[in-house]
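Please look over the sequence and the model shown below.

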Amino acid sequence: MNNIQEGPLIKVDNLRKYFPIVRGTILNRQVGAIKAVDGISFEIYHGKTLGLVGESGCGKSTAGRLILQLLKPTSGQVLFNNVDLAKIIGEEMRLLRQKMQMIFQDSYSSLNPRHSVGMIVSEPIIVHTKVSKRERREKVASLLELVGLNPNFADRFPHEFSGGQRQRIGIARALALNPAFIVCDEPISSLDVSIQAQIVNLLKRLQEQLDLTYLFISHDLSVIRHISNQVAVMYLGKIVELADRNELYTRPLHPYTASLISTSPIPNPRIERIRQRIILKGEVPNPSNPPPGCGFNPRCPHAKMICSNEEPEWKEYQSGHYSACHFSDQLCLEGVDIS
């Protein structure tokens with residue numbers, strides 16, 4: 001049983017990651033920075049799932065790696081169970097990593113092709129614990145069975161499995177140390193549509209069975225709606241809207257959120273025919289040179305002069321519903337049920 005204290009399990013406060021841009025073969029002088037993650041804040045409570053959604057390159061995966069300290073943040077704070085991860089190192093950090101794991105996007109490259117499935121799944125156990133070979137074999141067999149695989153697969157190699165089976169192996173590896181928190185970094189994006197639902201349902205079952213907490217990163221709004229309790233929308237390194245999943249999908253307060261929802265496919269031909277899509281103009285700005293004011297203003301259909309001059313305030317408009325837009329209280333955007 002995980003020793004969970006009161007309050008959020010994960011608390012992210014004003015987290016930033018700037019990658020320096022350097023020039024010169026000798027002096028390597030810094031001439032700028034890529035603002036991959038630019039001051040994001042959110043909380044994830046024990047046993048809940050926060051969905052993090054946005055276009056490719058918006059900083060979602062970088063945010064996940066910052067939370068797990070796989071990348072060191074430029075500034076900001078990440079609290080895990082009220083422990084500041086930036087302030088612990090060495091053995092203390094090694095012990096804490098057992099409670100924080102990651103499921104990777106690419107089930108092909110995330111598994112060592114030279115290792116058997118049994119070795120892949122047992123590697124965290126070997127690194128972090130001192131148990132006998134018999135106990136490791138029993139643990140691996142139970143983990144494979146837990147994710148829907150035959151325990152006899154332990155002696156096989158990754159190339160012998162389908163993409164969905166490989167992702168199940170990755171999930172088993174993530175569960176090997178009984179974690180409390182898992183970052184799911186687009187775990188179904190490389191899978192066939194027919195397999196995606198199986199993996200999402202597996203993750204939901206494991207969450208209920210093992211009392212897990214997820215940060216679920218995806219660009220698929222329908223999947224985010226299905227698995228998440230709360231949804232955070234990222235654009236150009238910032239979170240532009242955060243709300244309960246049903247509230248966000250039915251009453252988005254930010255134009256970018258509304259545009260994402262409007263272009264997500266709906267399995268209802270009648271609604272699909274009559275709904276209005278919001279097609280954004282232009283491309284996502286360069287994160288090394290973001291536009292002044294609101295970063296979304298060059299593409300926003302509602303932009304005014306203030307949008308290019310002043311950065312909007314991150315504000316709570318309704319209970320638990322936050323947005324960063326100068327006109328969130330005026331737009332009254334209409335969402336669509338894409339469940």
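**The sheet and its helices**

Strand E7 (residues 181–185) and strand E8 (residues 213–218) run parallel and are joined by 5 bridges. One of the residues involved is Asp185, whose bridge partner in E8 is Ile217. Two strands are taken as paired if DSSP finds at least two bridges between them. Helices (H or I, at least four residues) and strands (E, at least two) are DSSP runs, numbered from the N terminus. The model is predicted, and local features need pLDDT of at least 70, side-chain atom pairs count only at pLDDT 80 or more, while totals for chains, interfaces and linings use all residues. Residues are numbered from 1 along each chain as its sequence is written, and side-chain values use heavy atoms, with hydrogens and water left out.

E7 and E8 belong to an open sheet of 8 strands with mixed pairing, in the order E6-E7-E8-E3-E9-E10-E12-E11. Strand E6 (100–103) and strand E11 (315–318) are at the edges; each has a single partner strand, so one side of each is left without a neighbour in the sheet. On average, neighbouring strands of this sheet are turned by 20° against each other, direction ignored. Helix H1 (residues 60–67) packs on the sheet and touches strand E3 (49–53), E6, E7, E8 and strand E9 (230–235). The direction of H1 makes about 155° with that of E8. Helix H5 (residues 163–175) lies across E6 and E7, at about 175° to E6. Axes here are lines fitted to C-alpha atoms, for helices over the stretch in contact, and angles run from 0 to 180 degrees between N-to-C directions.

Next comes a pair of helices. H3 and helix H4 (residues 133–146) pack at an angle of about 115°, and their axes are 10 Å apart. H3 is therefore roughly perpendicular to H4 (the term covers 65 to 115 degrees). In this contact (heavy atoms within 4.5 Å), Val117, Gly118, Val121, Ser122, Ile125 and Ile126 of H3 meet Arg136, Lys139, Val140, Leu143 and Leu144 of H4. These residues divide into 7 nonpolar, 2 polar and 2 charged; Ala, Val, Leu, Ile, Met, Phe, Trp, Tyr, Cys and Pro count as nonpolar, Asp, Glu, Lys and Arg as charged, and the others, Gly among them, as polar.

Where is Val121 found? Val121 is in helix H3 (residues 117–128). Val121 has a relative accessible area of 0% and is therefore buried (under 20% relative accessible area, with a 1.4 Å probe and protein chains only). Leaving aside neighbours within four places in sequence, Val121 is in contact with Val140, Leu143, Leu144, Ile169, Ala172, Arg173 and Ala176.

How values were computed: Buried means under 20% relative accessible area, exposed over 50%, partly exposed in between (1.4 Å probe, protein chains only). Angles under 35 degrees count as roughly parallel, over 145 as roughly antiparallel, 65 to 115 as roughly perpendicular and the rest as oblique.
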